[in-house]
Amino acid sequence: MRWVALAWLALPSLALPSLGMAQADIHAYLARMDANHDGRVSLDEYVDYMGVGFRRMDANGDGVLDASEMPPSPRQRGAMTWQQHRQNLAATFRRQDLDHNGYLDSHELSEPPH
């Protein structure tokens, strides 16, 4: 989970909305993630959008964030692969998918993961 937060710290504009976010802002946030414009966010769309931070930090493009590519952290434990990061994002997606339909709507995106 710390890796997801790490990516959000690297790109603050990608952070999940706060609970006080206006409804229009929540819909705009969903629209940025909703690549196929169907009004909901699939796991693939979520991973593509939320994975931007990882891809930007992966300076050499090898699919692994090593210590030299990550901001300093007191809890840093070593390298993180894209696959590990994707698994973390998928777990977060599943926790946010409150109705378990495989998609996130604006309400689910506005809630913190459970």
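**Entry 1: α3 against α5**

I began with helix α3 (residues 43-50) and helix α5 (residues 82-96), whose axes come within 10 Å and cross at roughly 125°. That angle makes α3 oblique to α5. I note that the model is a predicted one. I also looked up the hand of the crossing of α3 and α5, and it is right-handed.

Next I listed the residues that meet. From α3 I have Leu43, Asp44, Tyr46, Val47 and Met50. Across from them, α5 brings Trp82, His85, Arg86, Leu89, Ala90, Thr92, Phe93 and Gln96. I sorted this contact by class: eight residues are nonpolar, three are polar and two are charged.

**Entry 2: the largest nonpolar core**

I then asked which residues make up the largest nonpolar core. I found twelve: Tyr29, Leu30, Met33, Val41, Tyr46, Val47, Tyr49, Met50, Leu89, Phe93, Leu104 and Leu109. Which of the elements gives the most? It is α3, with four residues. As background, nonpolar side chains in soluble globular proteins tend to be buried together.

I followed one member, Val41, through its contacts, setting aside neighbours within four places in sequence. Val41 touches Leu30, Met33, Tyr46, Phe93, Leu104 and Leu109, and also Asp34, Gly102 and Tyr103.

**Entry 3: Asp48**

I went back to α3 for Asp48, which lies in that helix. Is Asp48 buried, partly exposed or exposed? Its relative accessible area is 48%, so I put it down as partly exposed. The cut-off for exposed is over 50%. I also checked Asp48 against Leu89. They are 41 residues apart along the chain, and their C-alpha atoms are separated by 9.9 Å.

**Entry 4: the whole chain**

Last, I stepped back to the protein overall. I counted six helices and four strands. From the N terminus on, the order of elements is α-α-β-α-α-β-β-α-β-α. The protein has 114 residues, and 38% of them count as buried. I also looked at how far apart in sequence the contacting residues are. Of the contacts with a separation of 6 or more, 54% are between residues 24 or more positions apart.

How values were computed
Residues are numbered from 1 along each chain as its sequence is written. This is a predicted model: local features need pLDDT of at least 70, side-chain atom pairs count only at pLDDT 80 or more; totals for chains, interfaces and linings use all residues. Side-chain values use heavy atoms; hydrogens and water are left out. Axes are lines fitted to C-alpha atoms, for helices over the stretch in contact, and angles run from 0 to 180 degrees between N-to-C directions. Helices (H or I, at least four residues) and strands (E, at least two) are DSSP runs, numbered from the N terminus. Angles under 35 degrees count as roughly parallel, over 145 as roughly antiparallel, 65 to 115 as roughly perpendicular and the rest as oblique. A crossing is left-handed if the near helix is turned anticlockwise from the far one by less than a right angle, and right-handed if clockwise. Contact means heavy atoms within 4.5 Å. Ala, Val, Leu, Ile, Met, Phe, Trp, Tyr, Cys and Pro count as nonpolar, Asp, Glu, Lys and Arg as charged, and the others, Gly among them, as polar. A nonpolar core is a set of buried Ala, Val, Leu, Ile, Met, Phe, Trp, Tyr and Cys residues joined through side-chain atoms within 4.5 Å. Buried means under 20% relative accessible area, exposed over 50%, partly exposed in between (1.4 Å probe, protein chains only).
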